[in-house]
Amino acid sequence: MEELKYFDFFRNRSTLRKYSATKEVSDETLSALLEAASHAPTTGNMQLYSVVATRDPKMKERLAPLHFNQPTVKGCSVMLTFCADLNRFERWCEERNAKPGFDNFHSFITALIDTSLFAQQFVTLAELNGIGSCYLGTVTYNAEAIAEVLELPERVVPVICLTVGYPEDGVFPAASDRLPVQGILHEEVYHPYKSSDIDDIYGPKEELEESRRFVEENGKETLAQVFTDVRYPGKMNKEVSESFSRLIKKKGF
């Protein structure tokens, strides 16, 4: 096998939730990271995204309940809300006598992909420079309210939120476990998983002390039940789906 690089960096990377209260991510540093991140792949070089930076404690106070009051929101140096944005591109088209046709689901998905690539490139660049972040999985839960607080116009939808800052004690936490690559990779075509495959893929995860604690704390029989009954129950998923779909339509897609 040819020599490959950066294995240790990616294998050891981790989510950071506790940030330094004294060392801030400067405006200059943030701008530099965002500029570099903007060179991520993008559909047709359109860059169908925008990002709203939140530093003001009063704004964090308004947004915190929409992210289930996770301490990382108020404790971070800056919170970034990455938005799928067709508004800017449409304005350019209109100013240049071009008729845009982006009021559809396909265009939203295109912008969503662009935004995701941009956000992840930012995360990687930040971590390479000693700055941590945490993806907030609460964006879609309260997307309508978040859009209202951030005053997002038509064709702009919040899809990713990151809290960003330097480590509280200068050290990143240990990396989380991941599934083995053989559980992810399919050669040529998709191969259905047998019961033995599921055991091999998820068994080591289920045996972790942390996993066993999750099961016990939630009064469940298996780790899978923690995900289906507690963390992401079907009723909640349906409600969030309806709410987020409503916002996408409301924003003109």
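**Arg155 and its surroundings**

Author: Let's start with a polar atom of the Arg155 side chain, which lies 3.0 Å from the backbone oxygen of Gly252. Bear in mind that this is a predicted model, where local features need pLDDT of at least 70, side-chain atom pairs count only at pLDDT 80 or more, and totals for chains, interfaces and linings use all residues. Residues are numbered from 1 along each chain as its sequence is written, and side-chain values use heavy atoms, with hydrogens and water left out.

Reader: What makes the pair of Arg155 and Gly252 a polar contact?

Author: The term needs a pair of N or O atoms within 3.5 Å; within protein, one must be able to donate a hydrogen and the other to accept it, and residues adjacent in sequence count only if both atoms are side-chain atoms. At 3.0 Å, the pair is within the 3.5 Å limit, so it is called a polar contact.

Reader: Why is Arg155 called buried?

Author: Because its relative accessibility is 11%, and buried means under 20% relative accessible area, with exposed over 50% and partly exposed in between (1.4 Å probe, protein chains only). Of the 253 residues of the protein, 36% count as buried.

Reader: Which residues is Arg155 in contact with, leaving aside neighbours within four places in sequence?

Author: Among them are Ala84, Asp85, Glu90, Phe102, Lys251 and Phe253. Contact here means heavy atoms within 4.5 Å.

**The sheet**

Reader: Where does Arg155 lie?

Author: In the loop between helix 7 (143–149) and strand 4 (156–165). Helices (H or I, at least four residues) and strands (E, at least two) are DSSP runs, numbered from the N terminus.

Reader: How do you know that strand 2 and strand 4 pair?

Author: Pairing takes at least two bridges found by DSSP between two strands. Strand 2 (residues 78–85) and strand 4 have eight, in the antiparallel sense, so they qualify. Ala84, one of the contacts of Arg155, stands opposite Val157 in strand 4.

Reader: What is the order of the strands in the open sheet?

Author: The four strands run 1-2-4-3, with antiparallel pairing. Strand 1 (49–54) and strand 3 (132–136) are the edge strands, as each pairs on one side only.

**The whole protein**

Reader: How many helices and strands are there in the protein?

Author: Eleven helices and four strands. The C-alpha atoms fill a box of roughly 60 × 45 × 45 Å, taken along the principal axes.
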